[in-house]
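Here are some exercises to work through with the model open beside you. Try each task before you read the solution.

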Amino acid sequence: MQEQRTRDSSEPRGLNPIADRPATDEDIEQFKAAVLAKLTAAVGKDPPAATGRDWFFATALALRDRIIHRWLASDRASLAQGRKRIYYLSLEFLIGRLLNDVVGNLRLTEVARRALGDLGVDYDRIRSVEPDAALGNGGLGRLASCFMESMASLGLPTWGYGIRYDHGLFRQIIKDGWQQEYPEEWLSFRNPWEFERPEATYDILYGGRVETVKSRAGGLRHVWQPAESVRAVAYDTPIVGCRGAYVNALRLWSARAADPMRLDVFNLGDHVGALIEQARAEAISKVLYPSDATPAGRELRLRQEYFFVSASLQDLVQRHCRSYSAIYTLPDHASIQLNDTHPSIAIAELMRILIDQHNVPWDQAWDITVATCSYTNHTLLPEALESWPVPLFERVLPRHLQIIYRINEHHLAAAMRVHSLSEEAAAAVSLIDEEDGRRIRMGHLAFIGSHRTNGVSALHSELLRNTLFADLEAVYPNRVVNVTNGITFRRWLHQANPGLTQLICEVVGRRVLDDPDAVTVFGEHCADPAVQDRVMRVKRANKIALARVIRERLGLVVDTTALFDVHIKRIHEYKRQLLNLIETIALWEEIRAEPARGWVPRVKIFAGKAAAGYAVAKLIVKLANDIATVINTDPCVRDLLQVVFLPNYNVSLAEAIIPAADLSEQISTAGMEASGTGNMKLALNGALTIGTLDGANVEIRERVGCENIFIFGLHADEVAQRRRNGWDAAEIIAGSPPLAHAIDAIASGVFSSGDPHRFDRLIQALRQADDYMVMADFEDYFAAQRRVDALYRQREAWTKACIANIAGMGWFSSDRAIRTYSEAVWQTPLEA
């Protein structure tokens, strides 16, 4: 009962924080009638027989009806005004649940709650029925979804393009501490938000050969004779902007076989063989990021990327020609944004469409392509900057290989005219990597085929200019610009944390709901005891809610008065969950040695998925769970340290964790995190950051103040220097007793009873190579964590720092990021 009273005392009462006015009886009756009509006519149920899922469907369909007319009106208006459209191509869109998003942006939260309540339906219960649309792996896909929402909120005509994966990434199950992958089932009961568009179907071609024939004008032209055709079928989901004033479309492609089955083969008795072509085609849109550990997996990835790019470009070119006739005006009416390197084949595909289908001369086609396309780079990691073996590419996309060779020829000739390139310099800027087998550099292709390439934080953009694309930047100066990432406050504050939103509205005013920058004023009240007290009561209520999730999912009761130390990211060596885990062991051993020392109680909360084929990352997941098992059953530290690994991290789980976090772990190896957006979400919700000077952490420190963030570790240039000069990880370990004891505990089997060599691979990598500077940064990280303890003991000072973090986040809105893209990249004026 005490938990319930604490939670209720901090939640907003009466008027919902993002409602414009109280709901009237007429509003409520109209909404009830709409839901009941959909329950009967579309779901086919009477209210007494309806399940929670039935009520969710009826509610979603009633809301969709309200959206449709606005959506069509938005499209008609942008066409009539001749406004440039943005086409946002992304392999990932981590949408999450849409019900609360739509209700919030339509300002119908109170109406929906009261109307459904009158019908005996709990709004929060049907919210939880909706499956997460897990069409992404992490920050890249969530950023794309935030950007789509902001583009609608700013009234910017946009089409998002991606793949309608049947099973998303995967559903993570932890069994005996090991990650196991199962298919996501988000489409098992259909998706009420989407519209199938069978009329928007395109043939996607693969393989075959290219013939050279004479054109009517007497010249030579290339004709692609493909060996295979797959159909791309469109499904549209409306994306509602703030206040529902503008609606854009997210168009996702589903793969279908040209013929559903070979009837002749079926009638001969080979019933399975008759479906092989269907299975091969539909595999393209089955899962996100199929494992590329096998040749078949690598080919499927290439087919997948080309599939959605080709369908999207055919669709947007057809729309342009239908509206404006002349293909030559494409850059005036369209901007194509490539979200990371996955869609970079768009450069060659647009050239193919212009040259082969619209007979545009090469030079003009290239000018159109460069003027239309722009490229966002999201990483400096080599494995994320895709390169394809030439033999594989030639087998799958022979015409595109021809085009890329010609692009490269023109590119190198232009580079030679600008600079007298040495053979080594020419090899560095070439689209073809001749070392270790011939491979196509897709990042290079995206760079030279785009008029702008942007990084996603100030540090990242600087590293792009000076390291990754330094040679290309010399050939094409001033092509790299910076657009620091952002997050939508409407989802990550207004909807995820209504208690904090209500408080900010009362202190700052309701303008903060439409102007993220207005949250800055909240910082003026950081020393107000009444505001501090309410901030802490909101945080406590959110921690109690998260504790309930942890208990339901893991059966573990956690201390809600403890510091909630949160590390929620996809599992990767450079994100250094391993550094956090080693510090956890060192802390555990110190608490056991001195239990009466006056420790700050902590709950270490981990969540994230390891790629199915990433063995080291999966071993880190196992280590986290094994550490949790030992520490959580140790009576010596039970009230001082707990470790939690929450499985199947997704958007909905993030919405529960982020508002409850006290400490935000942003501890990637400096120079390896492009930006991060989790750091922004957590700080906006009042968590203090412990992190390296990496990605957007640099800009967060500038805006919250260096006294309100815990920075540690090597800087990016120091990491680069160590890698050049080398260092002795074993010497570092020997010089740090807490580190040495923690490493020995893992190596000796303290956390792997019965299998002492389980984590040998991790330990050997740390002792011998330490590629990600885990050993190098440990001492500074351990000391920074003790500074966290010291500040957390000072309730007033900690709360003041929380408020400073919340107030410092106004600049990190995705609305600001989209405005920057609009001005610096797309040259598209926004409506006043």
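**Exercise 1.** Find out whether Arg 537 is buried, partly exposed or exposed, and what its side chain pairs with.

*Solution.* Step one: Arg 537 has 32% relative accessibility, so it counts as partly exposed (buried is under 20% relative accessible area, exposed over 50%, partly exposed in between, with a 1.4 Å probe and protein chains only). Step two: its side chain meets that of Asp 533 in a salt bridge, 3.2 Å from N to O. A salt bridge here is a side-chain nitrogen of Lys or Arg within 4 Å of a carboxyl oxygen of Asp or Glu. Step three: Asp 533 is partly exposed, because its relative accessible area is 34%. Step four: both residues sit in helix H22 (residues 529–554), 4 residues apart, which is about one turn of the helix. Helices (H or I, at least four residues) and strands (E, at least two) are DSSP runs, numbered from the N terminus. An α-helix has 3.6 residues a turn, so residues three or four places apart point the same way.

Before you go on, a word on the source: this is a predicted model, where local features need pLDDT of at least 70 and side-chain atom pairs count only at pLDDT 80 or more, while totals for chains, interfaces and linings use all residues. Residues are numbered from 1 along each chain as its sequence is written, and side-chain values use heavy atoms, with hydrogens and water left out.

**Exercise 2.** Work out where Glu 299 and Arg 280 lie, and whether each is buried or partly exposed.

*Solution.* First, the pair itself: Glu 299 forms a salt bridge with Arg 280, with the closest N and O atoms 3.5 Å apart. Next, the places: Glu 299 is in helix H10 (residues 295–324) and Arg 280 in helix H9 (residues 276–282), so the bridge ties together parts 19 residues apart in sequence. Last, the cover: Glu 299 counts as buried at 15% relative accessibility, whereas Arg 280 is partly exposed with a relative accessible area of 40%.

**Exercise 3.** How many disulfides are there, and how far is Cys 505 from the nearest cysteine sulfur?

*Solution.* Begin with the rule: a disulfide is a pair of cysteine sulfur atoms within 2.5 Å. The count comes to 0 disulfides. Cys 505 is in none, and the nearest cysteine sulfur, that of Cys 242, is 12 Å away. Cys 505 counts as buried, because its relative accessibility is 9%. Cys 636, at 46%, counts as partly exposed.

**Exercise 4.** Trace the pairing of strand S13 and see whether its faces are covered.

*Solution.* Take the partners one at a time; two strands pair if DSSP finds at least two bridges between them. Strand S12 (residues 334–339) pairs with S13 in the parallel sense over 4 bridges, and Ile 336 has Cys 373 as its bridge partner. Strand S17 (residues 453–455) also pairs with S13 in the parallel sense, over 2 bridges, and there Tyr 375 stands opposite Thr 453. Now look at the two faces of S13 (residues 373–376): Cys 373 and Tyr 375 on one side, and Ser 374 and Thr 376 on the other, are all buried.
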